[in-house]
Amino acid sequence: MHGLKGHTVCFTGRVLVDDVWTVRATCAKRAGQRGAVPKTDFSRKVTLVVYGDLASKVVTDDRRAYSSTLVDAEAERSRGRHVCVVDADGFSKLLKGRPAPCLELRKARAGRVRPVAADTTEGGGVLGAPLRVRRTGRRLSGDLALDLSTLDKATTAHEATVGALIAYLSRQGVEARAHAPGAPQFDAGWSRGEEVFVAEVKSLTGAREEQQIRLGIGQVLDYAHQLWSMHPNTVLHPVLVLERPPSLARWAALAGSVGLRLAWAPAFAGL
């Protein structure tokens with residue numbers, strides 16, 4: 001879908017908008033500012049469902065384990081009236097006037113069902129378009145107030161490491177890819193046969209090495225955990241890629257103990 005204007009929208013719970021948990025009332029207000037008509041409950045008028053946090057919701061469909069809102073949306077789809085479903089990332093894009101993919105509804109681990117992107121790309125819905133190195137600019141003084149997990153992506157050292165990784169994989173006959181729509185926003189992904197690798201890239205130039213490595217470990221393990229829930233049949237490997245070798249050997253031992261691959265430029269040994 002290409003915008004919120006003209007849609008009647010409801011939300012399943014609070015939504016992670018640009019890395020900030022946002023309650024339904026605020027989401028509804030922001031959607032209204034974009035020309036949508038917000039509703040507190042699902043009805044035959046609703047054309048868009050924003051899939052938010054369902055952790056505290058009671059399951060109302062034992063067979064398919066949807067929330068009541070998604071049960072109703074699926075029922076409308078089965079009757080021939082398509083109801084769009086987007087996740088937090090999709091809603092964030094729509095708020096910015098960017099297109100967002102309409103998600104399918106699929107069964108996940110432990111009897112739960114959640115909306116996911118259609119498996120139309122290599123990597124079973126995890127990997128998206130070919131990865132490209134982004135242009136970077138200098139940091140402004142106000143950048144220090146940003147989330148550290150996104151600040152690193154604006155640095156030249158980060159994108160140089162991404163570029164080196166793309167080149168390394170290309171020499172192996174492997175194409176590096178970005179994340180698929182609806183998937184966690186990992187830095188790079190690739191597949192070998194049925195195995196899928198998702199990586200977080202961390203620069204170490206001009207930063208506290210210990211902080212960067214700890215942050216990277218936490219991020220990529222979080223991404224992997226989300227993806228295991230969304231795609232339980234996918235063989236998935238989390239990877240932390242560093243700009244250069246770490247100063248302390250203990251990081252490799254720590255990574256191995258939690259099932260994480262650790263590699264660094266320029267050789268990327270172990271990938």
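Me: What makes the 19 residues of the largest set a nonpolar core?

Reply: A nonpolar core is a set of buried Ala, Val, Leu, Ile, Met, Phe, Trp, Tyr and Cys residues joined through side-chain atoms within 4.5 Å. In this predicted model, local features need pLDDT of at least 70 and side-chain atom pairs count only at pLDDT 80 or more, while totals for chains, interfaces and linings use all residues. Residues are numbered from 1 along each chain as its sequence is written, and side-chain values use heavy atoms, without hydrogens and water. The largest such core has 19 residues, and Leu4, Phe11, Val15, Leu48, Val50, Val86 and Phe91 are those with the most contacts inside it. Its largest share, four residues, comes from α3. In soluble globular proteins, nonpolar side chains tend to be buried together.

Me: Why is Glu76 called buried?

Reply: Buried means under 20% relative accessible area, exposed over 50%, and partly exposed in between (1.4 Å probe, protein chains only). Glu76 has a relative accessible area of 2%, and is therefore buried. Glu76 belongs to helix α2, residues 68-78; a helix is a DSSP run of H or I with at least four residues, numbered from the N terminus.

Me: How do you know that the side chains of Glu76 and Arg81 make a polar contact?

Reply: A polar contact is a pair of N or O atoms within 3.5 Å; within protein, one must be able to donate a hydrogen and the other to accept it, and residues adjacent in sequence count only if both atoms are side-chain atoms. The side chains of Glu76 and Arg81 are joined at 2.8 Å, and that of Glu76 also makes a polar contact with the side chain of Arg79, at 2.4 Å.

Definitions and conventions:
Helix = DSSP H or I, 4+ residues; strand = E, 2+ residues; numbered from the N terminus.
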